[in-house]
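Hi everyone, thanks for coming along this morning.

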Amino acid sequence: MKTVGRYGALAALVLATPLAAAEIQAPVVTGAAGAAGMATPRKPEIYKDGWIDLDKNGVKDIYEDSTQSVEKRVEDLLGRMNRAERIGQLWQLLIPGDPAKDNGLPGQGAIGSYLGYTSKLEVRNALQRAAVEDSRLGVPLIFGFDVIHGMATVCPIPVAQSCSWDPELVARTSAMAAAEASGMGIDWTFAPMVDIARDPRWGRIAEGFGEDPWLDGQFAAAAVRGFQGADPRAPEHMAACLKHYVGYGAAEGGRDYNTTEISPFTLRNIYLPPFHAGVDAGALTLMSAFNCLNGIPASGNHFICTQVLRDEWKFSGFIVSDWNAVAELIRHGYAADDADAAAKALTAGVDMEMVSGTYHDHLAALLDSGRVKPEVLDEAVRRVLRVKFERGLFDRPYTVAPAADPAAQAVRTALAREAAAHSCVLLKNEHGILPLRTDGGRIALLGPLAANGDEMLGSWSAIGRAADVVPLNDGLAAALHGANLVVAEGCKLTGQDTGGFAAALAAARQADVVIMALGEPRGWSGENSSRSELGLTGVQQQLFDQVAALGKPVIVVLFAGRPLAIPALQEKAAAIVMAWQPGVQAGPGLADVLTGATEPTGRLTTSFPHSVGAVPAYYNYLPTGRPRDQYKDGTRAPLYPFGYGLTYTQFAYSAAPVATADVAPTGTLHATATITNTGPRRGSTVAQFYIHALASTAGCRPVRELKGFQRVTLDPGQSKEVTFTLPAKDLGCFTSEGQWVVEPGRYEVFIAADSASGSPSALRLTEK
Ligand code: BGC
């Protein structure tokens, strides 16, 4: 799995060994004489919970004084740093498993950050101690790690969580991840990933929040709030990192790391807004992407890293490059050699270099030659220091492992279960086969994912352990007290072995209902895991076909890190639940939904294509002059559109909303629809509010653009009016140059259960 492979032996699946409280609380004696230009350095006093009183020379300098403003502390410290120390702040390396192998870098102030995870907290604290206590100025390191959807308590993958249409849920799971990870020495997570992804072949669609820029922005802000909290200095929080800036999800052919060509209009209106939302929410850092964007690699791209991010959005944190991305400017054919790459990346606005060492090796000479201006270096250092101050690292550089708390773990488990249940999407439910009866009957649970814990963790599962996962079979067995549940694997996820078919078919023949747990391996999504086909892997489709031919009702529970193309399942299954990769509480969360203890509330945030050839199938496409763009042998329409998802009841929406006819540019439009629960149970629907601009000179606008949603819960027979209000200015869009324009003219509004249903009402935005 990626994380283990990447971090090798360091990613031991053991919880952090706490640093002994006595060790960290004992005041440390005054240290040896220090470097030139300083009075005798003192070791800082260390207090409970890792707080220190930094004072290197017996005089409380401004940067050491936590009562001073961040900006004053930054400037004071920067003024004291020599060139080597400044350059050192801009380098991030993989954390060494043994502090003795740090090459002396932290003690010399020659490194600013480590990435990766060590299960030995004392390793992390020893490296930090070298930076804080041995280096001349005591600038702390910042430790980063990919905590994407949980640290130990792994929640559903991000695309799954986005299907909750509940940003607060993402804020809560992110806060939980931060609480766990920060207690294990992580100051900074490389998340959230807010790349818009329109192509399910791209494996990293798993890591983002779907295809809509506005909704993605809501989740981006929520994740930042969750990770960083109201005060990122608090021990239980960590700095967030919006990635991968920008356009990475538009990789040609869905092939990871590939070239992207995005028009300025689309860049401004589709790919940049989620990053902007995350910046506005206070994200402390961004990660520059691997891809080449319109001819210039993102990690050497001044336009996006400086002009847009700093000049337009006023972002004051720092950019870290993606892994080795600065050195890869050479492979892109953008830089001639390492020195050229360093100059281009830093000048573009990439402040910290991850893993490759071009800044470390070449910046001094580049400054000497005048190719890189000292102000450019200083600005990058300033940004890194600012984040370290804002994260509170100067005041609390050491991590003290929190005491084990079974009550807190129970709360975390409950949240993971809630997230698993609220992330899954009911795609089909013929004759109300779901919810399952819990009071008896014979159920055959078949398929390679029926009793599999490890596969539930998804990509980037940090230190999540398969042993902590409750798989589907266990979740169902606990929920279906009276049922006779027979489990048969049938086949593996990959390979051509059909040897298990006979046992699975035999179990199906004996059953009243068959549940099939099918999908793709978790290693087939995530980084560097693109696919050219979007069906079930291995011989699962054959197994399904043979089981379906028995004539028993088949409920498919589908596990994947991406939308799959599953027309044959849609045709033959009685019900389909898209479960994604639900995390450690997969079984209980799914059992809650399958039994109806929790209603299915999820709605898709990525369109599901009919076939791989119909990719991309995103909902917010541009209209064409000749809308006959069907295939001879298929349809462009998605099998399941963005926003789609069923419940255990039914809802009727009034045909078209009643909307304000004329709206002034300073006014607000209102649109109202009536929604009725026409089914047999209490349930909820996600009312979605879309607009369509009919004549836009800034650039053609999509057939629909999501502008809001409301969850509406109704009893059977109950109706409710829902009203959306939108300031007229929000009807606008960005020009290719980045100006927000609101053009008078005709617009349409929809209130619908998904992006493909509902009828529009017309309105006019007046000149004045
Ligand atoms: C990925 C990033 C990740 C980084 C550090 C890269 O390969 O693209 O998303 O944060 O590695 O692990």
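Helix H1 (2–7) gives the shell around the ligand its largest share, 3 residues. H1 and strand E7 (241–245) each supply at least two residues of that shell. For the labels, helices (H or I, at least four residues) and strands (E, at least two) are DSSP runs, numbered from the N terminus. Please keep in mind that this is a predicted model, where local features need pLDDT of at least 70, side-chain atom pairs count only at pLDDT 80 or more, and totals for chains, interfaces and linings use all residues. Residues are numbered from 1 along each chain as its sequence is written, and side-chain values use heavy atoms, with hydrogens and water left out.

So who sits around the ligand? There are 16 surrounding residues, with Asp146, Arg204, Lys243, His244 and Asp322 the closest; to be near, a residue needs a heavy atom within 4 Å. The shell has 8 nonpolar, 1 polar and 7 charged residues. Here Ala, Val, Leu, Ile, Met, Phe, Trp, Tyr, Cys and Pro count as nonpolar, Asp, Glu, Lys and Arg as charged, and the others, Gly among them, as polar.

Now look at the oxygen atoms of the ligand. A polar side-chain atom of Asp146 lies 2.5 Å from one, one of Arg204 lies 2.7 Å from an oxygen, and for Lys243 the distance is 2.8 Å. Of the 310 Å² that the ligand exposes when taken alone, the protein buries 100% (Shrake-Rupley areas, 1.4 Å probe).

Next, the backbone. Most residues other than glycine have a negative phi, and most peptide bonds are trans. With that in mind, the bond from Ala191 to Pro192 is cis, with omega near 5°, and Pro192 lies in the loop between strand E6 (188–189) and helix H9 (213–228). The bond from Tyr245 to Val246 is also cis, with omega near 0°; Val246 is in the loop between E7 and helix H10 (264–271).

Which residues have a positive phi? Lys314 is one of them, with phi near 60°, in the loop between helix H12 (302–312) and strand E11 (318–321). Lys314 counts as exposed because its relative accessibility is 62%, the cut-offs being under 20% for buried, over 50% for exposed and partly exposed in between. His431 has a positive phi of about 50°, and at 78% relative accessibility His431 is exposed too.

Technical notes:
Polar contact = N/O pair within 3.5 Å; in protein donor to acceptor, adjacent residues only side chain to side chain. Buried < 20%, exposed > 50% of the residue type's maximum accessible area, 1.4 Å probe, protein only.
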